[in-house]
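Have the viewer open as you read.

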Amino acid sequence: MDTRRVSSAVPRVRQVGFFTPNTPAHQPAPTRSQSGPPTSDSPPLSDSPASNSLSPVMIPPPRHLSDNLGGRAYALPVPGRGNAGEHATVGSYNPSESVLWLESPPRSRIGDEELSEGTESSLGWYRRSNSAKVASSLPSGGFDLSQVKQPESVAAVEAKNPLPEKSEAQKEQASNPKSLKAKTTKAERRALQESQRAAKAASKAEANKSNAPGGAASSKPMKQPPQKKDGPPVASSVAASERGVDRPVEKERKKDLPPPRMQFDDESRVDKAKRRSLLNQPEARNRVELFRHLPPHKNGSQLPYLESKFFELHEMHPSVYKVGLQYLTGDTSGGNARCIAMLQAFQEAIRDYSTPPEKTLNRDLTSKIGGFVSFLIECRPLSMSMGNAIRFLKSRIARLPLTLSESEAKAALCSDIDRFINEKIVLADKVILRHAATKIRDGDVLLTYGSSCVVEMILLYAHEIGKQFRVVVVDSRPMLEGQKQLRRLVAKGLSCTYTQLNAISYVMHEVTRVFLGASSIFSNGTVYSRVGTASVAMVAHAFHVPVLVCCEAYKFHERVQLDSICFNELGDPDAVSKVPGREDVNYLDNLTDKQKENLQLLNLKYDATPSDYISVIVTDYGMIPPTSVPVIVREYRKEYLLI
Amino acid sequence: MPDTQALVNDFLNKLKKRKIEGSQATAKQTAELLRSVISQTRVPYTNQAAALIQSVKAVGEGLIAANPVELAVGNVVRRVLHIIREEDLSLTTAAMAGLNLSAVSDDEDDVGGDNQPVLSAAAIAAASRSTLRPPSLQTLLEDVPDSAAVPHTSSSGGDSEGKSKSADKSSRSRKLKHDVIEAVNELIQDINTCHEQIAEQAVENIHQNEVILTLGSSRTVLEFLCAAKEKKRSFRVFVAEGAPRYQGHLLAKELVTRGLQTTLITDSAVFAMISRVNMVIVGAHAVMANGGVIAPVGLNMVALAAQKHAVPFVVLAGSHKLCPLYPHHPEVLLNELRSPSELLDFGEFSDCLDFGSGIGAPLLHVVNPTFDYVPPKLVSLFITDTGGHNPSYIAEIYQLFVTSLRGEDMKFKSEIMKTNCVAGGNLVKS
């Protein structure tokens, strides 16, 4: 509220540095009815040059300081920032402010719009919601500003230049906002369309489908208020940062980075995603507070529903569909298996692909793959390795020479995929086997946790080449993957000891090496793997037993993580409360509703092992310490993106 | 006598078949059994204490051998022996004090004094000892050592004094038995109420909005948490299920019923969650003389994780769980392996578990231990029914206790040690 008062107190100053009388009128009003780009700002223009140079001084900094202290460092940006902040809040009150602002309002509004549309999703609301926005977007003012600052400070610099050069500066500025504006308006238009479509779909869905109401109705109203409270600022800031960062300068870098992960505690985005999604989002009755940002588990019970929808999904290629269902039911699991299944499905989809008329293969195929991917994500969150593979595929598509004919391009892509599978997974595993086997000596007792296909291959290979050793298979609920592995190892004639994770301290005395698999390794050396791996590594570390992590280099990822909470995957909570095969353990079967209210079940799928527990990482590039992961990530990414 | 024997045999059987769960129940039943043994023992005129000790020892050794890993049995046996000695001592000194006061008799049959001055000196020393009392485990642990012990002594002393030297031996022997039984009753009472005494300290140790993690189930922990809840503390609890017994489910249900916010997690998620936990509270099976803990399986892992994240690891233990033995290779010697069927479906894996498959040793072994040893350096705090203690303090207490034990007790201690080790060795071998 403070900021608003400031704006009214120093109205002139806001026009600082923007004197482009000609642009406004022709600007296609950025599809917003009320932002009608008023031409009324020509009057202030006359004195703007004068106030221009002064403005940095005139604007009372202390007021804004409370908003964003960061801006103090440089004198120039301050006015720009302050103004932008005001604008974001004031815009709706007096839309006829200044054209110069035109390039900033749309951006802040986009953020707002998304937010308003998310929180109150009714159609009537979102056009009007501008005024309501003011309040909600207020706290986020600081965020918007930092994004907006950049172009404005440029403008301000130019404005500060001596008057003689004014025309030039004018021109420059005229072009600058214009270009920016074109972009943002396009973005905005797209957002608007999207939201309209979404809203329509939502209203329709709400009308004829009653998937959520039943169970959700009771729990939702209770949950909503607190979330709503913290939702808006997050939403707007996220939106703002997304759009705002998307400056030409940053763009190149941004494209390389993976898109921000969907945060499921962000109500507005969840709503939006829900409307788009094919699956019914299960209404988890009692989600663990710490993990609200993660997508709730989807179980196989959605299968019939998805099956019934098959013929409505024209876009979906059957093979992708099949893979998605396999993910959903858990038939395909394990990092490598999932990745290969996905790539092969994409391969088939590419084979069957034909470019629609008036479209280019590069773009259309990329978007198509994007659609497949989002379907797969809905079935089960992607693993890091799959993310890397998709990135590889997309970069290959983007780099296809335009001169290639369609069939040639398709063949090239298919062979690329084949090569990826072969080089990065199959051959990489073979190399890892060789490396790891050198670390197994006769008489060793090797401990492995859960079921990792690489580790299993290593054990079998070492057994094949005649090493004498014993294996301790440690397992844990609820997956009990170790039993299957145990079965296979015993069938091959390996001498095994089986135990549960809790007994790890008991068996660790006799163990001489610990072999672990990984779902991904982050660039700070953290090993992201099946839940429980961290405990095993920790106990091994405490007992001074070396821990070898075996992981193909394509699973390395440049993100960093310190805990297992920021990013993870949730499993079926009911699997925790039920112990198959143990009829005596049924304490949680018949709970009253009141009891259920207090009870939450948490089924984590992964955890993050700190790098200090890892002795060595065995990859296809050799055996490296965890500190060398970022090097591999850097070199390797270059390699596969540029092949 | 025959009925005690039947009782003893019955209890032995239960112990051997592991029918009694939990150290508290075991301790209580042991104490009750010993009480009946004491009351049934015929005491001769001379040296009654020795006779009682003899019979208690005989029974106690059997009990300890029946379940060497249930250290509570040994603890209770030791405590009862100690009680007998103390009572005997206090009676003797009281009688002597009486003798000394009247200064007439030179009845020297129970104290082998040579002449008058020495006798009087010994009597004074004994009398002063009776007021100071040799430090028992109980008195050592208690903050005010005299509160419980002194009134009792003085009263008994007063009684015998009232009887003065006319106190005949039969009444003294009855007196001894009576006192011992009363003291054992007190012990049983202590065992019964140790939960409440521990739970009383809950509010002082749990703050608002605390996040607590526990593994498996322990009645002490349950009551501790519920006591805090009753005092209007609101906090949330993460319960690790504690495979393969899944007692955590039971605990979760109990907590949920009492209205506590509870999250049930798998054991494997402990490391992931511990960074968001303020305190780990667990029960123990036994606390060893060095401050190490014999605890349900999995707790060493939890303790390590807690240490890594600097989360306090608090162990709740009634004083009957304090065991004056030093652990030697406790993971093996003080452990017990349970049935593999809890981990694997035998039907599914029968072919590889089979000894008779021709090759000799089977390819597949299944390890299912019951206990974990948590070294003292991983424990932040013990909360016993006599207050909170550091692990190092527990170790000190034992030092004092052990030095205060007299020759016979020490011998018995070593005997117990031997039986423990032998039995443990057998267990490992089998």
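**Overall make-up**

Please keep in mind that this is a predicted model. Chain A contains 26 helices and twelve strands. Of its 643 residues, 54% are buried. Among the contacts in chain A with a separation of 6 or more, 81% are between residues 24 or more positions apart.

**Where the two chains meet**

Chain A brings 59 residues to the contact and chain B brings 56 residues. Together the two chains bury about 4,900 Å², and 62% of that area is on carbon and sulfur atoms. On the chain A side, N502(A), Y506(A) and Y587(A) supply 16% of the area buried against chain B, more than any other three residues.

Charged side chains take part here too. Three salt bridges are counted between chain A and chain B. In a salt bridge between the chains, K308(B) meets D612(A) with N and O 3.1 Å apart.

**Salt bridges**

Side chains of opposite charge can pair when their charged atoms come close. Over all chains, the structure holds 21 salt bridges. Some of them are set out here.

| Salt bridge | Closest N and O atoms |
|---|---|
| E569(A) and R380(A) | 2.7 Å |
| D416(A) and R419(A) | 3.3 Å |
| E336(B) and R18(B) | 2.1 Å |

Let us begin with E569(A) and R380(A), which form a salt bridge. E569(A) sits in the loop between β8 and α24, while R380(A) sits in the loop between α17 and α18, so the pair ties together parts of chain A that are 189 residues apart in sequence. Both ends are out of the way of solvent by the accessibility count: E569(A) is buried at 7% relative accessibility, and R380(A) is buried at 8%.The pair of D416(A) and R419(A) is a local one within helix α19 of chain A, where the three residues' spacing puts them about one helical turn apart. D416(A) is buried, at 6% relative accessibility, whereas R419(A) is partly exposed, at 30%. These two residues also belong to a network of salt bridges that links R396(A), D416(A), R419(A) and E423(A).

In chain B, E336(B) forms a salt bridge with R18(B). This pair links distant parts of the chain: E336(B) is in the loop between α14 and α15, R18(B) is in the loop between α1 and α2, and they are 318 residues apart. E336(B) is buried, with a relative accessible area of 13%, while R18(B) counts as partly exposed at 28%.

**Aromatic rings**

How many aromatic pairs does the structure hold over all chains? There are eight aromatic pairs. F420(A) lies in helix α19 and Y554(A) in the loop between β7 and β8 of chain A, which puts the partners 134 residues apart. Both of these residues are buried.

Y528(A) and Y606(A) form another pair, with ring centres 4.8 Å apart and planes at 25°; planes under 30 degrees apart count as stacked, so this pair is stacked. Y528(A) belongs to strand β6 and Y606(A) to strand β10, so the pair ties together parts of chain A that are 78 residues apart in sequence. Y528(A) is buried at 3% relative accessible area, and Y606(A) is buried at 7%. Both rings are members of one aromatic cluster, formed by F522(A), Y528(A), F567(A) and Y606(A).

R559(A) lies over the face of F567(A), at 4.8 Å from the ring centre. R338(A) lies over the face of Y327(A), at 5.3 Å from the ring centre.

**Cysteines**

The count of disulfides over all chains is zero. C551(A), for instance, is in no disulfide, and the nearest cysteine sulfur, that of C550(A), is 8.8 Å away. C551(A) is buried, at 0% relative accessibility. C414(A) is also buried, at 7%.

**A helix in chain B**

Helix α13 of chain B spans residues 299-308, and eight of its ten residues are buried, so the helix is largely enclosed by the rest of the structure. Among the buried ones are L299(B), N300(B), M301(B) and V302(B). After α13(B) comes A310(B), which has a positive phi, near 55°.

Technical notes. Residues numbered from 1 in each chain as written. Chains lettered and ligands numbered in written order. Predicted model: local features only at pLDDT ≥ 70, side-chain atom pairs only at ≥ 80, totals over all residues. Heavy atoms only, no water. Buried < 20%, exposed > 50% of the residue type's maximum accessible area, 1.4 Å probe, protein only. Helix = DSSP H or I, 4+ residues; strand = E, 2+ residues; numbered from the N terminus. Disulfide = S-S within 2.5 Å. Phe/Tyr/Trp six-rings, centres within 6.5 Å; stacked < 30°, edge-to-face > 60°. Lys NZ or Arg CZ within 6 Å of the ring centre and 35° of its normal. Contact = heavy atoms within 4.5 Å. Buried area = accessible area lost by both parts, 1.4 Å probe. Salt bridge = Lys/Arg side-chain N within 4 Å of Asp/Glu carboxyl O.
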